[in-house]
Amino acid sequence: MTTVENLRFLGRRIVNAVWRIGYASRFFIMILFYSGTSFRRFHLTIKELFSSGVMSLIIILVAGTFVGMVLGLQGYETLKRYGAESALGSLVALSLVRELGPVLAALLFASRAGSAMTAEIGLMKATEQISAMEMMAISPMARLVAPRFWAGVISMPLLSALFSAMGVFGGYVVGVVLIGVDQGSFWSQMQAGVDFQHDIVNGMIKSFVFGVAVTAIALFEGYDAPPTAEGVSGATTRTVVESSLTILFLDFILTAFMFQGGVV
Amino acid sequence: MKRTKLDLWVGIFVVAGLAALAVLALKVGNLSTYNMSETYQLQAHFSNIGGLKSQASIKSSGVLIGRVAQISLDPKRYEAKVTMTIDKRYQFPKDTFANILTSGLLGEQYIGLIPGGDEAFLKAGDEIKKTQSAVALEDLISRFLYSKAEDSKQPNK
């Protein structure tokens, strides 16, 4: 390839990327614009809440418990060196509520529910169900996309709260029941360390933002997928990759804003 | 529209999620113990606040009675100005003593209030005049090391 061809290739890639970002932004606005139906006919959203929220329950609960147990073990090993085992409760709770709960729940949600959404919408497009709906003057945005979006946005904070609660329970099982950290100091240190406004509410805000990002990406990838078997599979992969990266990136941004330490 | 099995599952999901949030707020967080709706503010100047941060606790006899609201440097006196938010249920005499203390040897720092014997109470916006700065651990250690060095200069007379 000559230099000109290389340049042309690079330029086309960049223009395409910008084009896609613009299309995705318009798609996002359209979701919000067509949201009315998902609340007027709430059973549509309920149905999606079942498939994205309820079906993710098992994986979230199990993963949360194990993450909490690992935190309990590892935290104890490190804190023991400084004779600060009693701080185990606040370590487990703070790391879960602030970071691990929202982030891991969102990552699991992206791979469990987000990929399913992309595949579903992509396949509907490939089998021309979406075109058929348009022919019948039913807006696929209002009927298919917006309910899925709101179901994801509603279920994400709930899943993250469940994840954190199960994690604290796992940490309690390992720390107090198995290792034998004092139960009173475990809970009281936890309550002294975790602030409702500063930690729990901020964690919920995080998971809400992740919910918006993950579902919007999943739906857009599905809607934008080339209508072939290969296209749908590629779109599903892109959903998981893009939403995972977006979650981690947004987490950094949000953490930088929310937890600036004690600096006034 | 009739009720379906689906609604039940979604209901269980939402209830479980909200219950988890309630557990986090009450059992994990401090919402149950932390209800300072009625507060008033006091101020104090310290020559050195050490590692005191805003939101640090204010205790009297070990009981949590407030939080540090704001810390800034007074440009006229070149001293740290600490604004404290204190629960309205607790009133302190005018000659209350404000101390910056450390919980444990290396724990976080907080302000301890030791009430004096004055009959008049501090009002909102008043300043606590008697303060003691944070004990800098480095100073203590260096003082100790110097005195050790002095000792070893004349080992055996």
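This is a predicted model: local features need pLDDT of at least 70, side-chain atom pairs count only at pLDDT 80 or more; totals for chains, interfaces and linings use all residues.
Strand 2 and strand 3 of chain B form it, with two residues between the strands. There, Ser61(B) takes a positive phi near 55°. Strand 2 covers residues 57-60, and its pairing with strand 3 is antiparallel, over four bridges. One of the residues involved is Ile58(B), whose bridge partner in strand 3 is Gly66(B).

Strand 4 spans residues 79-87 and runs antiparallel to strand 3, joined to it by eight bridges. Leu73(B) has Ala80(B) of strand 4 as its bridge partner.

Chain B has an open sheet of eight strands with mixed pairing, in the order 7-1-4-3-2-6-5-8. Strand 7 (127-128) and strand 8 (130-132) are the edges, each pairing on one side only. The partner of strand 8 is strand 5 (residues 97-102). These two run parallel and share three bridges. Phe97(B) stands opposite Lys130(B) of strand 8.

Chain B also touches chain A. The contact draws 25 residues from chain B and 26 residues from chain A. On the chain B side, helix 1 (5-28) and strand 3 (63-74) each supply at least two residues. Helix 1 of chain B gives the largest share, 14 residues. By type, the chain B side divides into 15 nonpolar, eight polar and two charged residues.

Terms used:
Residues are numbered from 1 along each chain as its sequence is written. Chains are lettered from A and ligands numbered from 1 in the order in which they are written. Two residues are in contact if their C-beta atoms, placed from the backbone, lie within 7 Å. Ala, Val, Leu, Ile, Met, Phe, Trp, Tyr, Cys and Pro count as nonpolar, Asp, Glu, Lys and Arg as charged, and the others, Gly among them, as polar. Two strands pair if DSSP finds at least two bridges between them.
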